[in-house]
Each structure stands twice: as C-alpha cells, then as structure tokens.
Amino acid sequence: MRCRHLFKIAKKTLVITFFLSSVWTAAACALDGNEILRQVDENMQPQSYEMYRKLINIEPDGSRKEFVFYTVKKGQDKMVALFLSPASEKGRATLRLGDNMWLYIPNVGKPIRITSLQSVVGGIFNNSDILRLDYSLEYEAEKVTDQGDSYLLDLKAKSPSVAYAGLKMEIDKTTLLPTSIDCYAISGMLIKTLHYSKIKDFGAGLVRPSMLETSSPLYKGYKSVMLFAKIKKRELADEVFTLNYMSRVDELR
Amino acid sequence: MNFAKLGEKGILGQPPRLIYGSVCFLVCLLLLIPIIVHGEDEFSFELDEIEKKPLQWGGYAELKWEHMKINQGSAFSSLNLSDPSLSTRDRFSGSLQIDGRYDQGIISLNWTLKAAAQQDDLGWADMTDIYETYVSIKPTPHFTGVLGKKAYKWGKGYAWDPVGFINRRKDPNDPEEALEGYITGEIDLIKSFAGPLQTAALTTVILPVWDEVNDDFGEINNVNLAVKLYLLYYDTDIDLIYYSGNSRSTRYGLDFSRNLAANFEIHGEFAYIPDQKRVRLMADNSVLVEEISATSWLLGLRYLSENDLTSIIEYYHNDAGYSKEDMDYFFQFIAEGENQFIAARDDSLLSKAQDLSLKGYGRPQPGRNYLYTKFSQKEPYDILYLSPGLTTIFNLDDSSFSVTPEVIYTGITNWEMRLRFSYFGGGKSSEYGEKLYRNKLEVRLRYFF
C-alpha cells in the first residue's frame with residue numbers, strides 16, 4: 001500500500017518535472033534565439049557608425065549598374081544614406097527614423113515621405129535593404145535549430161511595417177556572423193536570398209563579411225552584390241537625422 | 001631542341017626537375033593571372049571612389065524634341081499665334097544644368113547654373129541664368145546660416161504647394177525640375193528630442209525686394225520675412241508657416257504628412273491669405289483689382305500597391321482662382337478682340353487680353369478646383385529600370401483635363417530617356433479646351449555627369 005502511494009508520488013513528480021523542463025527548454029530556446037540575434041547585430045556593426053557601400057546590380061547579359069553610398073547610423077533606429085555615385089543619383093539621401101522614411105532629391109529640393117518597400121535605385125534592392133536597422137530590433141526569433149556548425153534562426157517581423165514578414169537566417173557558430181538569409185513575404189513566398197561572404201578586419205575589433213550577394217526568384221538571372229568599406233564607430237548629434245539636415249549629409253564625410 | 005638530352009644536365013646547368021617545375025609554374029601562373037585579375041576586378045571597391053574632394057560638381061545635359069498639334073481656333077491660339085493657319089509646331093531644345101559645391105571647413109559655397117536654347121518656327125531663343133548661388137556656414141549641427149540666391153520648396157504637395165509662400169511656382173507636369181531661387185538671408189535652427197516630439201526646426205528667411213533684386217517677387221523697396229516651424233510629432237511631419245512683408249500680403253500656412261501604413265502616406269496643406277490681390281475681368285470688360293480673403297488647400301495621398309504601382313492623388317482648392325464664369329468672360333473677351341482685329345486691324349483688346357493672361361488668367365491651373373493623379377509602375381514584366389506612368393489633371397469646374405502617359409528608361413548608367421505624350425481635352429470655354437496645343441509628343445534625353 002505504502003509502496004503504491006510512493007509510486008504515485010514518483011509518477012506525479014516525473015510528469016511535473018517533464019512538463020516544467022519542456023516549458024523551460026522552450027523558453028530557453030526562444031531566449032537563446034534572440035540572444036544569438038543580438039550577438040549577430042553586435043558583431044556586424046557598432047551601435048553608431050559610418051560606412052561606405054557599393055551596390056552592383058548585375059543583369060542576365062552581364063551588364064552592370066553600380067551605386068556608391070555613404071551611411072551613418074545612430075542608436076537603434078536613426079539612419080541616413082547618401083548616394084555618391086553614379087552622377088544621376090548623386091546627392092540623393094534617404095533618412096530613416098524608426099518606421100518613418102524620407103527621400104531627398106537635390107532637384108526637388110525637399111524631403112518627401114516614402115515607404116520602406118519602395119526601391120530608390122531600381123533592381124532587387126529596396127529602401128529597407130539600404131536603410132536596414134538591427135535585425136534584433138525588427139525581428140523576433142521563433143525557433144532555433146542547431147545544424148552542427150551553424151544555427152538556423154526562424155525570425156518573425158515584430159511589426160507589419162518591416163519589409164520582410166519572415167527570415168530564415170543561417171549563422172556560423174564560431175563567429176556568430178550570418179552566412180545566408182532567406183527573406184519571405186507574409187504569404188510565405190521567398191522574395192530573396194542574401195549570402196554574406198569575404199570576412200574582413202575593418203579595424204577596432206570589427207571582423208565581419210565585406211560582401212553581400214543577393215538573388216531573387218522574382219528576378220531570375222539578376223543578381224545584386226553589396227560591398228562594404230570603412231565601417232567605423234562614430235558618434236553623431238541627433239540633429240544629423242532630421243529633414244533639415246538631409247541636404248547636408250555629405251558634410252559629415 | 002632535345003629535352004631528354006638537356007634533361008641530363010639542363011640549360012644554364014639547372015637540374016631538369018627544377019626547369020620542368022618552373023615552366024609548369026609559369027604556365028599555370030599565366031593561365032591563372034586572368035582569373036585572378038578578373039576575380040579582383042569582378043567586385044572591387046576602391047577607396048578613391050569614396051574620397052571626398054573640396055570641390056564637387058556635376059549636372060546634366062539635355063536634348064529634347066517636341067511635336068505639338070495646334071488647337072486651331074482656341075482662345076490661346078488666337079492670343080499667341082500670328083499665323084492662324086499653323087497646324088503643327090516642332091521644337092528642338094537643349095539645356096545644360098551645372099551644380100556644385102566647394103567646402104572649406106564649416107563654410108561651403110553652392111551653385112546651380114542653367115543654360116537653355118530652343119529653335120522652332122518662331123525662331124531661336126536662349127537663356128542663361130544663375131538658379132542658385134549661396135554661402136552657408138554650419139558651426140554646429142544645430143545651426144546653419146545661409147546668404148545668397150537660394151530656391152525654396154516649402155510644402156508637402158506633389159503637384160501644388162499652397163503654403164509655398166516664397167517658392168517659385170512649379171509645373172505639375174514636371175514637379176521635380178530645379179527652379180530659380182530668390183536672394184535671401186536664412187537662419188536654420190534644429191533640435192532633436194526624446195519622446196513624442198522628435199524634432200523641432202525653425203527656419204527664418206529675410207527676402208528683400210529692391211530694384212534688380214527679387215523684383216519679380218512683388219512690390220519693390222520692401223524687406224519681407226518668412227518663417228517655418230517644422231515639428232516631427234507622433235511620427236507626423238508638421239510645418240507652421242508665416243509670411244509677412246509689403247511685397248505680398250501677409251499669409252499663414254500649415255502642412256502635414258504622415259504614413260498611415262508602410263505603403264500608404266497622406267499629406268495636406270492649408271493656406272490663409274486675408275488680403276489676397278486678384279486681377280479680375282468683369283462682364284462689362286472692365287478690369288478690377290480686388291482684395292479677397294482667400295483660403296487655399298490641398299489634400300493628397302501616396303500609395304504603393306503590392307505589384308509596385310505607386311499612386312499619387314491630390315485634390316487642390318484655391319479661393320483665389322478664377323470661377324468658370326470668370327474664365328468664360330476671359331475667353332469671350334479674346335473672341336471679341338479677335339473679331340475687332342479681323343474687322344478693323346485694331347489689336348487693343350487682344351493686347352489687353354494678353355496683359356490679363358500674364359496677370360493670372362494664363363498661368364497654369366488658374367481655376368479653383370483640381371484633381372491630380374499620377375500612377376507609375378516600377379519595372380513592369382521584370383524589365384529593370386523601366387517606369388511607365390500616367391499623369392492626369394482635371395479642372396473640376398469646367399470638366400476639362402490633360403492626360404499624359406510616359407515611359408522613362410534609366411538602364412544605361414547616367415542616361416535617362418523619356419517618351420511622353422500629352423493630350424488636352426475639354427469643351428469650348430474650358431481651360432484645357434482653349435489651350436494653345438491640342439496634344440504634344442516629347443522625346444527627352446538626359447546625360448548626367
């Protein structure tokens with residue numbers, strides 16, 4: 001009788017322990033996913049920085065179009081990008097403050113509000129790719145899969161204003177840097193795939209990919225490559241990230 | 001050459017394996033060099049591409065051909081054409097815009113220069129102008145001082161800017177073109193905050209009007225003041241604008257812009273002018289200069305659909321515009337002037353009509369209520385850098401309209417090609433029905449440098 005009672009208690013304890021451990025594991029995974037994502041952001045760039053990027057759009061016949069732009073970012077949600085070339089785009093600036101985005105065209109002479117999904121330069125890249133904020137600010141980790149040498153994070157957009165509803169991000173375990181990202185629409189359709197490569201030492205302890213290749217099933221045969229240079233930490237006044245400053249961004253260089 | 005024999009001792013006395021190895025290495029290197037070079041070239045980012053120079057300049061050169069079909073018998077053809085039998089007109093034009101900047105520490109010198117020339121059946125015409133040239137000083141990110149000739153583009157509207165009290169009037173069919181500025185002194189103060197009010201910026205402009213200085217702005221020998229307070233408040237852009245001075249009457253303005261969704265933006269402008277002067281032709285052909293209390297406002301939206309169709313729609317109301325009845329009088333007056341000229345070779349009425357045209361009746365969109373729409377499709381059928389578009393302007397008072405389909409191609413670096421057709425439709429005594437042209441075909445080629 002006593003033995004049966006003990007068996008019942010042990011059984012109950014086992015069930016409760018199993019239940020609690022399952023809940024704990026799930027919570028731990030979710031926490032880990034977001035922590036990994038935060039680490040990725042930290043490894044990819046300082047919180048406030050300046051950098052130069054070259055975007056190369058390659059068409060199926062091999063012809064190319066190149067854009068060079070200068071970017072400064074402050075904190076989690078302030079960013080401005082200025083086109084340096086080609087001549088047809090020179091002086092154009094895009095500003096992002098959280099979910100707000102503006103485009104300044106020198107001839108037009110005033111900033112106009114734009115949407116994150118619009119393309120400033122044509123081709124596969126849109127505004128969100130150029131003015132992308134930290135992944136951990138825009139996405140929540142839903143699932144982490146251990147793939148041996150890498151993690152696979154299933155990420156969900158925190159708000160509908162984010163360009164891609166979901167991401168599948170593959171992260172190198174040793175460096176905690178992204179190697180590839182699949183970007184999905186809300187319908188589940190794959191919009192584009194990003195591949196990071198060419199790890200480079202940018203100085204001040206920043207070692208990260210210097211090249212990002214993009215392909216899209218929506219633009220078969222087309223490819224975009226983004227090259228990164230001179231990424232460095234920089235402190236800037238908040239006033240740099242305002243509409244009145246958009247015509248003067250080049251003075252920061 | 002007998003390699004077997006050479007192999008025993010080798011040329012230059014080298015062991016044969018070393019020679020074979022060296023040859024193989026050189027051949028491999030020669031074969032690899034193009035790959036290495038190509039690999040380096042394929043995606044390179046040279047630092048001289050991003051090096052900043054104190055002097056920067058650029059601009060564009062443009063060639064344009066226009067073929068216009070004359071709207072024979074229309075009011076504006078009577079007013080502007082000496083040969084009533086003319087049915088078409090071809091115009092070739094070229095223009096050059098050069099803009100640049102020279103930076104020296106916290107001071108920079110900016111300029112925009114424009115030169116244009118055209119040839120049509122009326123002959124040759126050309127112009128050169130300094131659109132902008134000003135010095136700016138920026139000791140801190142919070143403060144900017146500007147002195148010189150500068151163009152202002154205040155307002156949130158795409159086609160019109162009722163609150164653009166010191167703007168030049170833009171062409172709704174080409175609202176993105178550079179415009180000539182005014183000689184001004186300006187102080188710009190910016191402050192950012194944490195919280196719902198993210199930014200506040202105050203722009204104060206002094207605009208003098210003297211003989212040969214801004215004398216096309218308004219009455220001369222006056223110094224005018226324009227102030228704009230910009231606020232980014234709860235993710236909404238808000239401008240409060242005030243103009244005072246004796247060159248034009250005092251005016252007050254408000255505009256706003258906000259994203260309601262990631263792909264949906266709304267904007268609006270409201271202007272109040274208590275003593276707006278207006279030249280008006282009366283039924284008895286007398287001309288009255290009246291002062292009215294006028295409000296003018298605009299409400300617009302910008303929407304991006306899932307398939308990359310951008311729609312811009314704006315409604316514009318202008319109290320100071322002319323009513324359908326006012327325009328009827330004007331067109332009737334031109335008809336009388338033409339009859340007088342045919343009967344008695346007396347052009348006094350036509351001259352008076354021309355003067356009235358310059359004083360308001362002939363300006364673009366002189367009416368009271370308009371609807372503007374622009375639809376542009378980004379890269380249809382996955383054709384990169386191609387943007388077809390359609391622009392329409394409706395005069396809601398007389399039901400006349402302009403429809404302008406166009407195609408823009410920017411696939412070749414620094415080149416832009418635009419093909420555009422405009423059709424002006426409307427009945428007798430309507431704004432677009434009485435235009436000089438019935439339709440216009442335009443091919444424009446621009447090279448940016």
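Mentor: A contact here means that heavy atoms lie within 4.5 Å of each other. What you see is a predicted model, in which local features need pLDDT of at least 70 and side-chain atom pairs count only at pLDDT 80 or more, while totals for chains, interfaces and linings use all residues. Residues are numbered from 1 along each chain as its sequence is written, chains are lettered from A and ligands numbered from 1 in the order in which they are written, and side-chain values use heavy atoms, with hydrogens and water left out.

Let us begin with chain A by itself. In chain A, residues 24 or more positions apart account for 46% of the contacts with a separation of 6 or more. Chain A holds three helices and 13 strands, where helices (H or I, at least four residues) and strands (E, at least two) are DSSP runs numbered from the N terminus. Of its 253 residues, 54% count as buried, a word used for under 20% relative accessible area, with exposed meaning over 50% and partly exposed what lies in between (1.4 Å probe, protein chains only).

Now to the interface. The size of an interface is often given as the accessible area lost when the parts come together, and buried area is this loss of accessible area (1.4 Å probe) for two parts put together, summed over both. Chain A brings 57 residues to the contact and chain B brings 66 residues, and the area buried between chain A and chain B is about 5000 Å², with carbon and sulfur atoms giving 51% of that figure. On the side of chain A, A:Asn107, A:Arg113 and A:Glu239 lose the most area to chain B, together 15% of what that side buries.

One of these residues, A:Arg113, also takes part in a salt bridge, which is a side-chain nitrogen of Lys or Arg within 4 Å of a carboxyl oxygen of Asp or Glu. Its partner is B:Asp237, and the closest N and O atoms of this pair are 2.7 Å apart. Between chain A and chain B the count is six salt bridges. The rule also finds 27 residue pairs in polar contact across this interface (both at pLDDT 80 or more), a polar contact being a pair of N or O atoms within 3.5 Å, where within protein one must be able to donate a hydrogen and the other to accept it, and residues adjacent in sequence count only if both atoms are side-chain atoms.

As for the elements involved, strand 1 (49-58), strand 2 (64-74), strand 5 (100-104), strand 6 (111-113) and strand 13 (223-233) of chain A each supply at least two residues of the side that touches chain B. By kind, the residues of that side divide into 27 nonpolar, 14 polar and 16 charged, with Ala, Val, Leu, Ile, Met, Phe, Trp, Tyr, Cys and Pro counted as nonpolar, Asp, Glu, Lys and Arg as charged, and the others, Gly among them, as polar.

B:Asp174 and B:Arg418 form a salt bridge whose closest N and O atoms are 2.9 Å apart. B:Asp174 lies in the loop between strand 5 (143-150) and strand 6 (182-192) of chain B and B:Arg418 in strand 17 (residues 415-425), so this pair ties together parts that are 244 residues apart in sequence. Both B:Asp174 and B:Arg418 are buried. Shared partners in salt bridges also join A:Asp250, A:Arg253, B:Lys52, B:Arg101 and B:Asp103 into one network. Over all chains, the count comes to 50 salt bridges.

Finally, consider confidence. The predictor gives the complex an ipTM of 0.81 and a pTM of 0.83. For each residue its confidence is the pLDDT, from 0 to 100, and chain B averages 89, with 91% of the residues scoring at least 70. Within chain B, confidence is highest in strand 9 (residues 236-244), at a mean of 98, and lowest in helix 1 (residues 3-9), at 38. In chain B, pLDDT stays under 50 over residues 1-15, for which the model has nine contacts beyond four places in sequence, and also over residues 29-40, for which there is one such contact. Where pLDDT is low, the predicted coordinates should not be read in detail.

Technical notes: pLDDT = per-residue confidence, 0-100.
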